[in-house]
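Hi everyone, thanks for coming. Let me put the structure up on the screen, and then we can walk through it together.

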Amino acid sequence: AMAARLVGPDALKPDEVLGLTFGRRAALDWRDRVTAQIGGGQVPLISTFHSFCYALVRMYQPSESYVSPIRLLSGPEQEVRSRQLFNSSINDGRLTWPQELMPAVGTRGLAEEVRAVMSRTRSHLMDPSQLVELGKKSQNETWQAIGKFMDEYLDVLDSEGVLDYSELIYRAVILSSQPEVQKDLHKRFKAIFVDEYQDTDPGQVALLKAMIGPETSLVVVGDVDQAIYGFRGADETG
C-alpha cells in the first residue's frame with residue numbers, strides 16, 4: 001500500500017509519506033521492502049513511534065535548550081531512577097504512603113507497579129492531579145499517593161533534562177495539538193501508515209488523530225490476536 005502511493009502519475013513525494021511501527025527491526029525491514037519494491041531512490045520516513053515523537057519534540061524544543069538537549073531514558077534507567085526517587089520521597093517524609101503497603105517499600109516489585117501506574121496515567125493523557133482526584137473519588141489511597149509522587153518525579157526529570165517513554169508520547173501529543181505544529185504536520189504528511197495498530201495506546205491514537213488533516217490518508221494494519229503490549233496501556237479495540 002505504501003509503495004503504491006510512491007509510484008505512478010499521482011505519486012506522493014517520499015517525504016510526504018510516513019510509516020510508524022513499534023520495533024526498530026520492523027521499521028528497517030519495512031523500509032527495505034518498500035525500497036526494493038519501488039526500485040530504490042528516496043524512501044519515506046519509516047520509524048518507531050518513540051523515535052518519531054523524540055524527533056518531533058526535539059524539532060520544536062526552544063533553541064536555548066539545545067545547549068542541553070532532552071535525553072530519552074532507557075528502560076533500565078527509568079526503573080532505577082523512579083525507584084531511587086520513590087524510596088527517597090518516602091524516607092524523607094515528602095510522601096505519605098499507605099501504612100499497609102509500607103513493608104513493600106524498597107522492593108523491586110512495588111517500584112515496578114508504581115512505574116506502571118504512572119506510565120498508564122500518561123498514556124491516557126492524564127496529569128498527576130487527575131490521578132489524585134481519581135484516587136479520592138474511588139477512595140484509593142494508593143492512587144492518591146502515586147499521583148503526588150508522580151508530580152515530583154516529573155519535576156525532577158524535567159530539571160535533569162530527561163524524559164521517559166510515556167512522557168515522551170504525552171509531550172508529542174500536546175505539541176501536535178498546537179495549531180501551528182498541527183498545521184506543519186498536516187502540510188508535511190499526506191499519507192500515514194501504521195503497522196501493529198493493535199499495540200497502540202490512547203496517547204498514540206491521540207497523536208495520530210492530531211496528525212490527520214483534511215488531505216491526509218491514514219492506513220492502519222493490526223491483528224487483535226497479536227496484541228502484546230496490553231501491560232503498558234495498549235488498547236487493541238482503539
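Let's begin inside: which residues line the largest cavity? Before I answer, a word on where this comes from: this is a predicted model, so to speak, in which local features need pLDDT of at least 70, side-chain atom pairs count only at pLDDT 80 or more, and totals for chains, interfaces and linings use all residues. Residues are numbered from 1 along each chain as its sequence is written, and side-chain values use heavy atoms, with hydrogens and water left out.

Now the answer: the lining of the largest cavity consists of Leu154, Leu157, Asp158, Val162, Leu163, Asp164, Glu167 and Arg171. The elements giving two or more residues to that lining are α6, β4 (162-163) and α7 (165-176). Helices here are DSSP runs of H or I with at least four residues, strands are runs of E with at least two, and both are numbered from the N terminus. The biggest contributor to this lining is α6, with three residues. By residue class, the lining of the largest cavity has four nonpolar, no polar and four charged residues. The classes are these: Ala, Val, Leu, Ile, Met, Phe, Trp, Tyr, Cys and Pro are nonpolar, Asp, Glu, Lys and Arg are charged, and the others, Gly among them, are polar.

As for how space is found, rolling a probe the size of a water molecule over the atoms shows where empty space is left. On a 1 Å grid over the protein atoms alone, a cavity is a set of points where a 1.4 Å probe fits but cannot get out; a pocket is an open set with protein on both sides within 12 Å along at least five of seven lines; and lining residues have an atom within 4 Å of a point. Grid points are joined across faces, edges and corners, and a volume is the space filled by probe spheres set on the points. The whole structure has one cavity of 30 Å³ or more, and the volume of the largest cavity is about 30 Å³.

On to the second largest pocket, with a volume of about 370 Å³. Its lining has 15 residues, and Met2, Trp30, Arg33, Val34 and Asp195 lie nearest the centre. Here α1 (24-38) and β5 (191-194) are the elements that give two or more residues, and α1 supplies the largest share, six residues. That lining divides into 10 nonpolar, two polar and three charged residues.

Let's zoom out for a moment. The protein has nine helices and six strands, and its C-alpha trace spans about 70 × 45 × 30 Å along the principal axes. Of its 238 residues, 43% count as buried, where buried means under 20% relative accessible area, exposed over 50%, and partly exposed in between, with a 1.4 Å probe and protein chains only.

Next, the aromatics. Rings of Phe, Tyr and Trp (its six-membered ring) pair if their centres lie within 6.5 Å; planes under 30 degrees apart are stacked, over 60 edge-to-face, and the rest tilted. By this rule there are five aromatic pairs. For Phe149 and Tyr153, the ring centres are 6.0 Å apart and the planes are at 40 degrees, so this pair is tilted. Both residues sit in helix α6 (residues 141-160), four residues apart, about one turn of the helix, and both are buried. Ring pairs also link Phe149 and Tyr153 with Phe86 and Trp97 in a cluster.

Staying with α6, the helix also holds Thr142, which is partly exposed at 22% relative accessibility. Setting aside residues up to four places away in sequence, Thr142 touches Trp97, Pro98 and Leu101, where contact means heavy atoms within 4.5 Å.

What about Gln204: buried or exposed? Gln204, in helix α9 (residues 202-211), counts as buried because its relative accessibility is 3%.

Last, backbone angles. Most residues other than glycine have a negative phi, and most peptide bonds are trans. Leu125 has a positive phi, near 60 degrees, and lies in the loop between α4 (108-123) and α5 (128-137). Gln139 also has a positive phi, about 55 degrees, in the loop between α5 and α6; Gln139 is exposed, with a relative accessible area of 72%.
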